[in-house]
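Hi everyone, thanks for coming.

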Amino acid sequence: MTELAAVKAALKTQAVETPSWAYGNSGTRFKVFAQAGVPRDPFEKLDDAAKVHEFTGVAPTVALHIPWDRVEDYAALAAHAEELGVRLGAVNSNTFQDDDYRLGSICHPDAAVRRKAVGHLLECVGIMDATGSRDLKLWFADGTNYPGQDDIRGRQDRLAEGLAEVYERLGEDQRMLLEYKLFEPAFYTTDVPDWGTAYAHCLKLGPRAQVVVDTGHHAPGTNIEFIVATLLREGRLGGFDFNSRFYADDDLMAGAADPFQLFRIMYEVVRGGGLVPGVAFMLDQCHNIEAKIPAIIRSVMNVQEATAKALLVDRAALSAAQAAGDVLEANAVLMDAYNTDVRPLLREVREEMGLDPEPLDAYRRSGWAEKIVAERVGGRQAGWGA
């Protein structure tokens, strides 16, 4: 296989999971702007997600968020996805929107609240059983706002105890993906604030516990690609939540603020052998002022472009320059790949896959946007509270 053929083959097999909540009404803590045609239930979310996959060819799975995507029959939801040509992906828990979780969930000082939180996580594993989902994705808003508010070490003990119970409930083919976040909503301490804390808990749990890197969850200036390289080296990178940020957890379209960072991350993924099904490429975004489906399509395309550039890095030339200590040449090799216009290559890849070479144009011509605005009238639009 030629080098170009290998690049194309890798791009054709790449898969980007889209989040069900990105198709609903969501946005900032200040205001959520409702849009016409937004799904009213998880089944309609899957209808929209299927369109993203139809036009990109690389978005075959849809992540669920419980209770936002709670239904009476999860097998029926999975069957609906299959009929549309997609599958249900990671199941995301929600232990941050109940009044009982004001002081935390799985780390709460009250054992009854902790029991409630763990019960919800076990419910999510049961949903995974029903949908055939592989990954349970956990993010905790747990933390404190003031010094002395709670015992820092004690909260870590409670966290470890709760995670262990849930881990033991997983099936042999299921994984726990533990996400971290520097701050927000807790402002003094966050119980899982960084990759090291997440990694430490995963190590104790076992090999099916892995770390999720959300690209918006770090302090400004953090070298995310170093984290990616380290977790890959240790075999503990479970996946990504791709989005983009200017300040904090902005949840903008992947690659919007810093496409060079996305390229650097994807190069470390390629370098570390992370373009495999074991590393989940997921979007975690909110589309408040922009049209939702086109924004998700654009995000998938941005991930594809960063991946294509990463695959085009001349690894032999880079290694030679690094071995020779030629700093400028090594940087130039990397920049040559980044500055390559990969859009023609991706158009070729899509045509070879039987797709329209321009996914956004194809979506606009499809009439889907007009169709859902006309048909989704009445009922309650899906959003953060539903």
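So, H1 and H9 cross in a right-handed way; a crossing is called right-handed if the near helix is turned clockwise from the far one by less than a right angle, and left-handed if anticlockwise. Helices here are DSSP runs of H or I with at least four residues, strands are E runs of at least two, and both are numbered from the N terminus.

Quick background on the source: this is a predicted model, where local features need pLDDT of at least 70 and side-chain atom pairs count only at pLDDT 80 or more, while totals for chains, interfaces and linings use all residues. Residues are numbered from 1 along each chain as its sequence is written, and side-chain values use heavy atoms, with hydrogens and water left out.

Back to our pair. H1 covers residues 3–13, and its angle with H9 is about 150°, the axes being 10 Å apart. Axes are lines fitted to C-alpha atoms, for helices over the stretch in contact, and angles run from 0 to 180 degrees between N-to-C directions. That makes H1 roughly antiparallel to H9, the word for angles over 145 degrees.

Who meets whom? From H1 we have Val7, Ala10 and Leu11, and from H9 Gln304, Thr307, Ala308 and Leu311; contact means heavy atoms within 4.5 Å. Sorted by type, that's 5 nonpolar, 2 polar and no charged residues.

H9, residues 292–311, also matters for my next topic, the core. The largest nonpolar core has 96 residues, and Phe140, Leu163, Phe240 and Phe242 have the most contacts inside it. H9 gives this core its largest share, 10 residues. By nonpolar core I mean buried Ala, Val, Leu, Ile, Met, Phe, Trp, Tyr and Cys residues joined through side-chain atoms within 4.5 Å. Buried is under 20% relative accessible area, exposed is over 50%, and partly exposed is in between (1.4 Å probe, protein chains only). Leaving out residues up to four places away in sequence, Leu163 touches Ile106, Leu138, Phe140, Met176, Leu178, His201 and Leu205.

Most residues other than glycine have a negative phi, and most peptide bonds are trans. Glu184, though, has a positive phi of about 80°, and a cis peptide bond joins Glu184 to Pro185, with omega about 10°. Glu184 sits in the loop between E6 and E7.

Is Glu184 buried or partly exposed? Partly exposed, at 21% relative accessible area. Asp251 also has a positive phi, near 55°, but Asp251 counts as buried, at 10%.

How values were computed: Parallel < 35°, antiparallel > 145°, perpendicular 65-115°, else oblique. Nonpolar A, V, L, I, M, F, W, Y, C, P; charged D, E, K, R; others polar.
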